[in-house]
Amino acid sequence: MPTQSRTLVQRALGPADRLLSRLWYPQKFVLIGLVLILPLGWVVKSYVGVQSTNTAFAQQEAVGVAYLRPASELLARVVAARRVAVQVASHQSGQAQLDLAVRQVRTAIAGVDSMHGAGATLGLNAQWSALRQAGIDSIAAVAEQSSAAT
């Protein structure tokens, strides 16, 4: 059995042995250096690729955070306006408070509109346009209903 495994090893390493036996020492050092440096180059290239991907993701995440600030403000203003609209409908608040809440929602909408560049980067402009139109229509309907009720 040991002779069979030895012949298998000799067959596997025979071409490399013959190549190295033909080379001079400086050529052997260059060959061994290349054999060691090529995998290192591949590892460095892979590492740089992963880091570039992470950097691009972090940049897009920062754009998303910048877009989220006015969007969160809009959400808070819409919730507050709905609360005031319910209070006006139940005669617990006056029309002036609803008008103020509607102005604040419109201001928050303008804040999201100002983030058009970030929306384009994130691919959200088409969705925002549809939501914006629906939101403005809803605000107008609430304002008209509460004006008619008072």
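This is a predicted model: local features need pLDDT of at least 70, side-chain atom pairs count only at pLDDT 80 or more; totals for chains, interfaces and linings use all residues.

Residues are numbered from 1 along each chain as its sequence is written, and side-chain values use heavy atoms, with hydrogens and water left out.

I begin with H2. Helices here are DSSP runs of H or I with at least four residues, numbered from the N terminus. H2 has 65 residues and spans 95 Å from first to last C-alpha, close to the 96 Å expected, that is, 1.5 Å times one less than its number of residues. At leucine 68, shortly before proline 70, H2 has a kink of about 25°, the angle between axes fitted to the seven residues ending there and the seven starting there.

Next, the loop. Serine 93 is placed between H2 and H3. Is serine 93 buried or exposed? Serine 93 counts as buried because its relative accessibility is 16%, and buried means under 20% with a 1.4 Å probe, protein chains only. Its side chain makes a polar contact with the side chain of glutamine 87 at 3.0 Å; such a contact is a pair of N or O atoms within 3.5 Å, one able to donate a hydrogen and the other to accept it. Another polar contact, of 2.8 Å, links the side chains of serine 93 and glutamine 97.

Finally, the largest nonpolar core has 15 residues, these being buried nonpolar residues joined through side-chain atoms within 4.5 Å. H3 gives the most to this core, with seven residues.

Terms used. Buried means under 20% relative accessible area, exposed over 50%, partly exposed in between (1.4 Å probe, protein chains only). Helices (H or I, at least four residues) and strands (E, at least two) are DSSP runs, numbered from the N terminus.
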